[in-house]
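Have a look at the sequence and the 3D view, then read on.

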Amino acid sequence: MKLFLTAALFCVLVASTCVSATNGPALSCCLTITDTKVHPKNIVDYTIQKIGLCPVEAVVFRTRRKKTVCSDPGKAWVARAMVKVDKLKKERGSDRAARGKAARNKAGRREQRRQTVSA
């Protein structure tokens, strides 16, 4: 009898886990907008939240300290911060590309020296 109850309990737990897992991940939404201004140097990234599943339209800034700040997309400082973050991300990307190219050139020169020495 105990084995039957244990098996039944196990089946119920597995079934409830499967049902909750099929609903997908929990949605992270800004429910309200704050007036807190964030300096662009502290912003790592941002996303734009549209009205739909979430109740308000917002720009969601992610800071260096891994905090999220929900801001009004109509504010001038928000638009300026988005432009600065985009510019910084573009500069970082071009720096990475330049470093990668320099590393490839260095490896190519090294290989040429090896071939010259072995010949």
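This is a predicted model: local features need pLDDT of at least 70, side-chain atom pairs count only at pLDDT 80 or more; totals for chains, interfaces and linings use all residues.

Is Thr-63 buried or exposed? Its relative accessibility is 12%, so Thr-63 counts as buried, the cut-off being under 20%. Leaving aside residues up to four places away in sequence, Thr-63 touches Val-38, Asn-42, Ile-43, Val-44 and Val-69.

**The overall layout**

Now zoom out to the whole chain. The protein chain has two helices and three strands, and along the sequence they come in the order α-β-β-β-α. Of the 119 residues in the chain, 18% are buried. As for how the chain meets itself, take the contacts between residues at least 6 apart in sequence: 43% of them join residues at least 24 apart.

**How confident is the model?**

Averaged over the protein chain, the pLDDT is 78, with 59% of the residues reaching 70 or more. One stretch to treat with care is residues 17-25, where the pLDDT is below 50. Beyond near neighbours in sequence, that stretch has zero contacts in the model.

**The disulfides**

Next come the cysteines. A disulfide is a covalent bond between the sulfur atoms of two cysteines. How many disulfides does the count come to here? The answer is two disulfides, and they are set side by side below.

| Disulfide | S to S distance | S-S torsion |
|---|---|---|
| Cys-29 and Cys-54 | 1.8 Å | about -65° |
| Cys-30 and Cys-70 | 1.9 Å | about -75° |

Take the pair Cys-29 and Cys-54 to begin with. The torsion about their S-S bond is about -65°, so this disulfide is left-handed. The pair links distant parts of the chain: Cys-29 is in the loop between helix H1 (2-21) and strand E1 (43-49), while Cys-54 is in the loop between E1 and strand E2 (58-63), 25 residues apart. Cys-29 is partly exposed, at a relative accessible area of 24%, whereas Cys-54, at 9%, counts as buried.

Then there is the pair Cys-30 and Cys-70. With a torsion of about -75° about the S-S bond, this disulfide is left-handed. Cys-30 lies in the loop between H1 and E1 and Cys-70 in strand E3 (residues 68-71), so the bond ties together parts that are 40 residues apart in sequence. Cys-30 is buried, with 4% relative accessibility, and Cys-70 is buried, with a relative accessible area of 14%.

If you number the bonded cysteines in sequence order, the pairing reads 1-3, 2-4.

**The salt bridges**

Finally, the charged side chains. The count of salt bridges comes to two. In one of them, the side chains of Arg-62 and Asp-45 meet, with an N to O distance of 3.4 Å. This pair links distant parts of the chain, as Arg-62 belongs to strand E2 and Asp-45 to strand E1, 17 residues apart. Arg-62 is partly exposed at a relative accessible area of 32%, and Asp-45 is partly exposed at 22%.

Which residue forms a salt bridge with Asp-45 at 2.9 Å between the closest N and O atoms? That partner is Lys-89. Lys-89 lies in helix H2 (residues 76-118) and Asp-45 in strand E1, so the pair ties together parts that are 44 residues apart in sequence. With 38% relative accessibility, Lys-89 counts as partly exposed. Through shared partners, salt bridges join Asp-45, Arg-62 and Lys-89 into one network.

Notes
Residues are numbered from 1 along each chain as its sequence is written. Side-chain values use heavy atoms; hydrogens and water are left out. Helices (H or I, at least four residues) and strands (E, at least two) are DSSP runs, numbered from the N terminus. Buried means under 20% relative accessible area, exposed over 50%, partly exposed in between (1.4 Å probe, protein chains only). Contact means heavy atoms within 4.5 Å. A disulfide is a pair of cysteine sulfur atoms within 2.5 Å. A salt bridge is a side-chain nitrogen of Lys or Arg within 4 Å of a carboxyl oxygen of Asp or Glu. pLDDT is the predictor's confidence in each residue, from 0 to 100.
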